Amino acid sequence: MMNDHFSLQGKVALITGAGNGIGAACARCFAQSGAAVMASDINGERVEALARELVGEGFEVKAIQHDVAKEDDWARVVDALADWHDGWDILVNNAGIYIGGKLEENSLSQLHRINGINIDSIFLGTQFAASAMQPDGRFGRGGSIINLSSIAGLIGVPGHSIYGATKGAVRSLTKHSAVEFAAFGYGIRVNSLHPGLIATEMGYLVFKDFVEVGLASSESEAQKMLENQMIPMGRLGDVQDIALAAQFLASDASSYMTGSELTVDGGFTAT
Ligand SMILES: NC(=O)c1ccc[n+]([C@@H]2O[C@H](COP(=O)([O-])OP(=O)(O)OC[C@H]3O[C@@H](n4cnc5c(N)ncnc54)[C@H](O)[C@@H]3O)[C@@H](O)[C@H]2O)c1
């Protein structure tokens, strides 16, 4: 008999920030694994294009414009899930932004901006998912929440102070909500995913930032430095490396995992 523990067949997933990078890879990977995927992004055009492509390949995907920092948008997206499939089993809280720079040069408004997206989104998404997925909720069949943190939420990286602070908060919010939901018997698991440096638009911003803070003289030197000195496996991660880890956390294969942190970083944090 085939082992289908990793299958997402019959599950409804919402993936935020799915217009690009890791979120887009998760949308593709989850759809290929059998899930009905609602792909949301603040950039409506980009996520519409992705959904068109995946629907054209025969997958069940719907796009929706969604600013994860806005409470009203979350309410609208949950209504859309009810209209579309009358269910919700998986939330990938992926949307986020990066602001780098030296700590003494970061402004308070930058801190407020990054908190307002990277932390508010996880708080709101978890709150809406908890209300809807718990046994007495609108959908009531439990679920799995995957929060995108980062290795910068685990260790220090030059130029990453305010970004890393938000990702540390994501890690902590994950553990508190996981334990609370287990204590109240919600049947909702919550885990954080900690990518290393991944080849996306955001990933490449890190090289630019290394140059701006004076750690490298060019973006290519920054890339070489990171690959040769900081990443034992000697390469950036691919979006698929993260999407497959997210699929594991979304699937029944991880059914005894909650409040965990899964690191996918080519060994970055193991040294
Ligand atoms: N790329 C990396 O190296 C890396 C490493 C660790 C963690 N991460 C985390 O993974 C997640 C995805 O990163 P990525 O590299 O794919 O980034 P990306 O910049 O390539 O894509 C992010 C997506 O989020 C969307 N977005 C931004 N603000 C939004 C908002 N307010 N509401 C809805 N959507 C919004 C963007 O439009 C974009 O489509 C982020 O949370 C990021 O912090 C990335």
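**Helix packing and ligand contacts**

Helices here are DSSP runs of H or I with at least four residues, numbered from the N terminus.

Two notes on the model. It is predicted, so local features need pLDDT of at least 70 and side-chain atom pairs count only at pLDDT 80 or more, while totals for chains, interfaces and linings use all residues. Residues are numbered from 1 along each chain as its sequence is written, and side-chain values use heavy atoms, with hydrogens and water left out.

Back to the pair. H3 spans residues 71-85. Its axis lies 10 Å from that of H5, at an angle of about 35°. Axes are lines fitted to C-alpha atoms, for helices over the stretch in contact, and angles run from 0 to 180 degrees between N-to-C directions. Who touches whom? Glu71, Trp74, Ala75 and Val78 of H3 meet Ser121, Leu124, Gly125 and Phe128 of H5. Contact means heavy atoms within 4.5 Å. That gives five nonpolar, two polar and one charged residue. The classes: Ala, Val, Leu, Ile, Met, Phe, Trp, Tyr, Cys and Pro are nonpolar, Asp, Glu, Lys and Arg are charged, and the others, Gly among them, are polar.

H5 also packs on H6. H5 is residues 120-133, H6 is 161-183. Their axes come within 11 Å and cross at roughly 15°. The two are therefore roughly parallel, a label for angles under 35 degrees. This crossing is right-handed. On H5, the contact uses Ile122, Phe123, Thr126 and Ala130; on H6, Val170, Leu173, Ser177 and Phe181. Count by class: six nonpolar, two polar, no charged.

Next, H1 and H2, residues 21-32 and 44-56. Axes within 11 Å, crossing at roughly 20°. So these helices are roughly parallel to each other. Right-handed is the crossing of H1 and H2. Ala24, Ala27 and Arg28 in H1 meet Leu50, Glu53 and Leu54 in H2. By class, four are nonpolar, none polar and two charged.

Threonine 200 puts a polar side-chain atom 2.5 Å from a ligand oxygen. For lysine 167, a polar side-chain atom sits 3.0 Å from an oxygen atom of the ligand. Histidine 66 uses a backbone N or O atom, 3.5 Å from a ligand nitrogen.

Technical notes
Angles under 35 degrees count as roughly parallel, over 145 as roughly antiparallel, 65 to 115 as roughly perpendicular and the rest as oblique. A crossing is left-handed if the near helix is turned anticlockwise from the far one by less than a right angle, and right-handed if clockwise. A polar contact is a pair of N or O atoms within 3.5 Å; within protein, one must be able to donate a hydrogen and the other to accept it, and residues adjacent in sequence count only if both atoms are side-chain atoms.
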